[in-house]
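Hello,

Here is the structure I promised to pass on to you. Have a look at it first, and then read on for what turned up in it.

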Amino acid sequence: MTAAMLDIAATLGVSADAAQLLQLTNNAVFALPRSRIVIRIARTRQLLDRVTKVVQLGRWFARIDAPTIRLAADVEQPVRVGDFVASVWSYVQPSPFAPTAGDLGLVLREFHALDPAPIALPAWDPVGDARRRLADAEGLDPRDRNFLVKWCDRLEPQLVALNRREGPRLVHGDAHVGNLLRETSGRTVICDFDATCIGPWQVDLAAVAVGEARFGGTGLHEGLAAAYGCDVTSDQSWPVLREARELKMIAAAAPLISNSPYLAGEFADRLRSVREDDRKARWKPFADLVPSRRQMRLSASRHTGRDMNQGRSRSATTD
């Protein structure tokens, strides 16, 4: 990914000096502060359509002055170099005043009020996504697979009914404080539109609420609800939204467990808590269970000949 970033920087004619690796999940995200850009590289060819969608959204967001990060000016996008495709964004200097859950509530309220996007967007479909993950999970225990498939079968008609009842709205799809940036003007904007879709607006509020319920209370949900003006846990759709989010948070790891005993153990704990309907069980973020992040950063620094600081992570990974 570092080599791909250097190739893209060379194609754009910009300096990659002091590049920072911000995220390494479905995308490799590098900040190039001296060139005032951020490069997001899709790590598989299967994500090409997603990069195209994100670029189309970025252009539309700029036209309507949405509360979002902006594409880099004067760059023909998506950028293709070799086997990789990337989007390029304007760099936002880290602010000493980190965005809060209250900022997230205000941004989401404005985001959800936007007119329908003039581009084709996928429908919110957490069950479809879970089924695709399970299809790729070759090392999954048959009993676990059967449980997850039946969970999908039971939840799917409930989600169809929810979509019909609420009507389609623009959904960010990965709404958390880590995806917020504060511009020098003081305006808070949101980034990362890989999961942006059409669906019930409550989806974006449920992510923080479920995260707090499963990972432990931090007051984020309360701050978000107060700023947005809605407590999603009091909404009639909350039980279904919670299940959909928890299914996503479990199924996302299914294809990875055969290669990581760390993820496999947490996957088993999460699945057990759902099987036993244990709402008080606390989960561990998958990102905290991967021991090789420091080695990856050191490896990246060897490629560039300089220390590549991780910088401010904007990733919630599969959580």
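Let's begin with Glu246, which is found in helix α8 (helices, H or I, of at least four residues, and strands, E, of at least two, are DSSP runs numbered from the N terminus). With 5% relative accessibility, Glu246 counts as buried (buried is under 20% relative accessible area, exposed over 50%, partly exposed in between, with a 1.4 Å probe and protein chains only). Beyond its neighbours within four places in sequence, Glu246 is in contact with Trp151, Val210, Arg214, Val274 and Trp283 (contact means heavy atoms within 4.5 Å).

Before going further, please note that this is a predicted model, in which local features need pLDDT of at least 70 and side-chain atom pairs count only at pLDDT 80 or more, while totals for chains, interfaces and linings use all residues. Residues are numbered from 1 along each chain as its sequence is written, and side-chain values use heavy atoms, with hydrogens and water left out.

Now to the helix pairs. The axes of α8 (residues 238–251) and α9 (residues 261–275) come within 9 Å and cross at roughly 150° (axes are lines fitted to C-alpha atoms, for helices over the stretch in contact, and angles run from 0 to 180 degrees between N-to-C directions). That makes α8 roughly antiparallel to α9 (angles under 35 degrees count as roughly parallel, over 145 as roughly antiparallel, 65 to 115 as roughly perpendicular and the rest as oblique). From α8, Glu246, Met249 and Ile250 make the contact, and from α9, Phe267, Arg270, Leu271 and Val274.

A second pair, α3 and α7, packs at an angle of about 40°, with the axes 7 Å apart. These two helices are therefore oblique to each other. On the α7 side, the contact is made by Leu220, Gly223, Leu224, Ala227 and Tyr228; the α3 residues include Ala101, Leu108 and His112.

What about the aromatic rings? The whole structure holds six aromatic pairs (rings of Phe, Tyr and Trp, the last by its six-membered ring, pair if their centres lie within 6.5 Å; planes under 30 degrees apart count as stacked, over 60 as edge-to-face and the rest as tilted). One of them is the tilted pair of Phe61 and Phe111, 5.8 Å centre to centre with 55° between the planes. Phe61 lies in helix α2 (residues 48–64) and Phe111 in helix α3 (residues 101–112), so this pair ties together parts that are 50 residues apart in sequence. Both Phe61 and Phe111 are buried.

Trp201 and Tyr228 form a stacked pair, 5.8 Å centre to centre and with 10° between the planes. Trp201 sits in the loop between β9 (197–199) and α6 (203–215), and Tyr228 in helix α7 (residues 220–228), 27 residues apart. Both Trp201 and Tyr228 are buried.

Two arginines are also worth a look. Arg270 lies over the face of Phe286, at 3.7 Å from the ring centre, and the charged end of Arg275 sits over the ring of Phe147, 4.8 Å from its centre (the rule is NZ of Lys or CZ of Arg within 6 Å of the ring centre and within 35 degrees of the ring normal).

Ile198 touches Leu121, Pro122, Ala123, Trp124, Pro168, Arg169 and Leu170, not counting residues up to four places away in sequence.

Enjoy exploring!

Best wishes
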